[in-house]
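Subject: Structure for you to look at

Hello,

Here is the structure I promised to hand over. Please open it next to this email and follow along.

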Amino acid sequence: EMRTQLAALLEHEHAPLAVAQQAAGLVGDTPLFTSLFNYRHISSAARAAEGDRQPTVQGIRNVYSRVQNSYPLTVSANDLGSGGMSLSVLAVNSVDARGVGLLVRTVVENLVAALTVALDDGPDLALQSVGVLDGR
C-alpha cells in the first residue's frame, strides 16, 4: 500500500512551487520548509576527503569556503560506520545551534536507553515520552 501511495505522488514531482504552496495553504512568499533533518552515511573515504578540504587540482588553492544552504535550520545525523555517529547543526544567527544540538543529543540518548530497556524485555515506552526520560 505504501509503494502505491508513493508511486501516486510521483505525478506531482515537478509541480511548480506556487502550486505546492497553494496546496499547503501558504501565501506565495512563505517557504514550504524552514528546517531540514538529514541522515547521511559517510564513508571513511568521504570523511578523509572532508577533513582535507583543499582541492586536488594542481595550481589552484582554496582561499575561502563556507558550508551553507537555504534552510534556517539544518540538523544532520552522520553515520560514520562501525558504530560511530556525529551530529552537525547549521543554523542562522537567530537560532541557538548549540541548544538544538543538545536537545537532539538528549533525545537520541534517551531513545537508545529506551530501546536498550525494551530489547532486554523491559516495558515498551510511548515514543512521545522518550524525550523526557530521566526528567530531561
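Let me start with the covered part. Buried residues make up 12% of the 136 residues in the chain. Please keep in mind that this is a predicted model. The accessible surface of the chain comes to about 11,000 Å². Carbon and sulfur atoms account for 58% of that surface.

Now the layout. The chain has 4 helices and 3 strands. Read from the N terminus, the elements run α-α-β-α-β-β-α. I also looked at contacts between residues at least 6 apart in sequence. Of these, 37% join residues at least 24 apart.

Next, the sheet. The 3 strands form an open sheet in the order β1-β2-β3, and the pairing is mixed. β1 (35-41) and β3 (84-91) stand at the edges. Each has a single partner strand, so one side of each is left without a neighbour in the sheet. From one strand to the next, the twist averages 15°.

What makes the pairing mixed? Look at the two pairs in turn. β1 and β2 pair in the parallel sense, over 7 bridges. Here R40 stands opposite N78 in β2. Strand β2 (residues 73-81) pairs with β3 in the antiparallel sense, over 8 bridges. In this pair, L73 stands opposite A91 in β3. G81 stands opposite G84 in β3.

How many residues lie between β2 and β3 in their hairpin? There are 2 residues between them.

Is β2 mostly covered or mostly open? It is mostly covered, as 8 of the 9 residues of β2 are buried. Helix α4 (residues 97-119) lies across β2 and β3. This helix runs at about 145° to β3.

Now pick out a residue in strand β1: N38. Is N38 buried or partly exposed? Its relative accessible area is 27%. Buried would need under 20%, and exposed would need over 50%. So N38 counts as partly exposed. Which residues does N38 touch, leaving out those up to four places away in sequence? They are V75, S76 and A77. N38 and T74 are 36 residues apart along the chain. Their C-alpha atoms are separated by 7.5 Å.

Last, turn to the surface. L17, L26, L32 and F33 form a nonpolar patch there. Together they have about 370 Å² of accessible area. One of these residues, L26, lies in the loop between α2 (17-23) and β1. L26 is partly exposed, with a relative accessible area of 30%.

Find the order β1-β2-β3. After that, find α4 where it lies across β2 and β3. Finish with the nonpolar patch that includes L17 and F33.

Best wishes

Key:
Residues numbered from 1 in each chain as written. Predicted model: local features only at pLDDT ≥ 70, side-chain atom pairs only at ≥ 80, totals over all residues. Heavy atoms only, no water. Buried < 20%, exposed > 50% of the residue type's maximum accessible area, 1.4 Å probe, protein only. Contact = heavy atoms within 4.5 Å. Areas by Shrake-Rupley, 256 points an atom, 1.4 Å probe, with all protein chains shown as cover. Pairing = 2+ DSSP bridges. Axes fitted to C-alpha atoms, helices over the stretch in contact; angles between N-to-C directions. Patch = residues over 30% accessible without salt bridge, like charges linked within 9 Å, V, L, I, M, F, W, Y side chains within 5 Å. Salt bridge = Lys/Arg side-chain N within 4 Å of Asp/Glu carboxyl O.
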